[in-house]
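Work through the two exercises below with the model open beside you. Each task is followed by a solution in steps.

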Amino acid sequence: MTSAVLDIKHWGNNLGVRLPAAIANAAHLHADQRVNITVEGERVVITPIRDEALSLEQRLARFDPQRHGGEVMSADQTLGAEQW
């Protein structure tokens, strides 16, 4: 079992802990990976959320124009040498 004793530090208005590389490697964690953090009794449990490969249909089903801003560029007028 890999273990470490760490200090909790302020990170803005929050608290943070830096995971040593040995801990991250043993838990198969990597930078920018999403995790689920729960409290079980007096324990804080960090569980990695495994990235799932989504099909195009699944990605499009998750798209919300209200949240993501809809069309980025209007196609009502020409911007260059396009011919409609």
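The exercises treat the pockets, then the backbone angles.

This is a predicted model, in which local features need pLDDT of at least 70 and side-chain atom pairs count only at pLDDT 80 or more, while totals for chains, interfaces and linings use all residues. Residues are numbered from 1 along each chain as its sequence is written, and side-chain values use heavy atoms, with hydrogens and water left out.

**Exercise 1.** Describe the largest pocket by its volume, and by the residues of its lining.

*Solution.* Step one: a pocket is an open set of points on a 1 Å grid over the protein atoms alone, where a 1.4 Å probe fits, with protein on both sides within 12 Å along at least five of seven lines, and lining residues have an atom within 4 Å of a point. Step two: the volume is about 530 Å³. Step three: of the 16 lining residues, Val17, Leu19, Val35, Ile37 and Ile46 lie nearest the centre. Step four: β2 (14-16), β3 (35-40) and β4 (43-48) each contribute at least two residues to this lining.

**Exercise 2.** Find where His28 lies, and decide whether Asp32 is buried or exposed.

*Solution.* Step one: His28 belongs to the loop between α1 (21-26) and β3, and its phi, near 60°, is positive in a residue other than glycine. Step two: Asp32 is located in the loop between α1 and β3, with a positive phi of about 70°. Step three: exposed means over 50% relative accessible area (1.4 Å probe, protein chains only). Step four: Asp32, at 82% relative accessibility, is therefore exposed, and His28, at 58%, also counts as exposed.

Technical notes: Grid points are joined across faces, edges and corners, and a volume is the space filled by probe spheres set on the points. Helices (H or I, at least four residues) and strands (E, at least two) are DSSP runs, numbered from the N terminus. Buried means under 20% relative accessible area, exposed over 50%, partly exposed in between (1.4 Å probe, protein chains only).
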